[in-house]
Amino acid sequence: MSNFGQPRIVIIGGGTGLPVLLRGLKQYPVDITAIVTVADDGGSSGRLRDDLHIPPPGDIRNVLAAMSDVEPLVEEMFQHRFKTSNELSGHSLGNLILAAMTSITGNFVHAIQEMSKVLNVRGKVLPAANQSVVLHAEMEDGAVVSGESKIPYSGKKIKRVFLTPNDIRPLPESIQALRQADLIIIGPGSLYTSILPNLLVPKLGGELCKAHAKKVYICNLMTQAGETHGFTASDHVKAIYDHMNCAFIDTVLVNNEEIPPEIQLRYNEELADPVLYDFPRLYELGLEVVHADIAIQENGALRHDPKKVANILYNLLMDETKKRYHRK
């Protein structure tokens, strides 16, 4: 479903932040490829992963729903989570459909492609790898915690994260998308458990470092207990660089609006604080800093505003394509 002639955007991430952004971006005349983490091992995804030996479908399901162009009721059905007292309890219908389609086609990527047709998805959704991967964190005291869902609850400071098995391969389509992209977006999402599991897939990270496209990192609005407690914006970027062994980000997008006190109080209970945007250190890292009022409140939680962020990204993309055209 490539849109011939449209500028190409690749978005890398997972968790709740990626679908929010995609809902905004799909309104623009762009060709979107989403590369989505497959390190999740909690909830419905984790159960299906363990029972059926398939990559976890949850993050993929949310991205498919966000990029779909179907009646609201169909999307609601796809996202429906069963609340029963039997083995269906906690499973979402979309996860079960993706699991069934993987069983029918014999391939997780084919299952996603077929679901993309059914849901009339605007763009391409690719898993970071066509297999289950396990995320591990080495803590500062040398202890190793295994499992994406367990890492934030270890009560220790993360030194680095890494993946097993060692022979994980990215999809050829992901490599091609990065090579052809006009703009590459990293985030928003949990730094160690949503962003880095993608970048650590061998060859995927290498291609990202080499890619000619402008690379934008969307910094988180709040720190995360067990992952980024006390982190500034530049700490997020440096953690990515430390894992990648290359400084590849061109632009960082940050929120410059005060977080309302009542929202801060709610997040304080989760040991989360607004991310401090340390402009001097970001400039020292050679980054272009784009700052705007990009946060909205939703059910008491803070989210990136999909419309505002998509508009900023689209303008960055247009600036890039103009520059490229003039260089020709």
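Colleague: Hi! How many bridges join strand β8 to strand β9?

Modeller: Three, and the two strands, residues 214–218 and 251–255, run parallel. Strands here are DSSP runs of E with at least two residues, helices are runs of H or I with at least four, and both are numbered from the N terminus. Two strands count as paired if DSSP finds at least two bridges between them.

Colleague: And what stands opposite Val216 in β9?

Modeller: That's Thr251.

Colleague: OK, what am I looking at, and how are things counted?

Modeller: It's a predicted model, where local features need pLDDT of at least 70 and side-chain atom pairs count only at pLDDT 80 or more, while totals for chains, interfaces and linings use all residues. Residues are numbered from 1 along each chain as its sequence is written, and side-chain values use heavy atoms, with hydrogens and water left out.

Colleague: What's the order of the strands in the open sheet?

Modeller: The sheet has seven strands, in the order β3-β2-β1-β7-β8-β9-β10, with parallel pairing. β3 (124–127) and β10 (288–292) are the edge strands, each pairing on one side only. From one strand to the next, the twist averages 20°.

Colleague: What holds strands of a sheet together, in general?

Modeller: They pair through backbone hydrogen bonds, either parallel or antiparallel.

Colleague: Let's talk about β1. Why is it called largely enclosed?

Modeller: Because five of its six residues (8–13) are buried. Buried means under 20% relative accessible area, exposed means over 50%, and partly exposed is in between, using a 1.4 Å probe and protein chains only.

Colleague: Which way does β1 pair with β2, parallel or antiparallel?

Modeller: Parallel, over six bridges, with β2 being residues 31–36. Arg8 stands opposite Asp31 in β2. The chain gets from β1 to β2 through α1, and this β-α-β crossover is right-handed; that is, with the strands pointing away from you, the path from the first strand over the helix to the second runs clockwise.

Colleague: And with β7?

Modeller: β1 also pairs in the parallel sense with β7 (residues 183–186), over four bridges. There, Ile11 has Ile185 as its bridge partner.

Colleague: Back to α1. How many of its residues are buried?

Modeller: Eight of its nine residues, 17–25, so to speak mostly covered. Among them are Gly17, Pro19 and Leu25.

Colleague: How about α8?

Modeller: Nine of its nine residues are buried, including Thr193, Ser194 and Asn198.

Colleague: At what angle does α8 cross α10?

Modeller: Roughly 35°, and the axes of α8 (191–199) and α10 (233–244) come within 11 Å. Axes are lines fitted to C-alpha atoms, for helices over the stretch in contact, with angles from 0 to 180 degrees between N-to-C directions.

Colleague: Last one: Glu320. Buried or exposed?

Modeller: Glu320 is buried, because its relative accessible area is 10%. You'll find Glu320 in helix α13, residues 306–327. Leaving aside neighbours within four places in sequence, Glu320 is in contact (heavy atoms within 4.5 Å) with Asp182 and Lys214.
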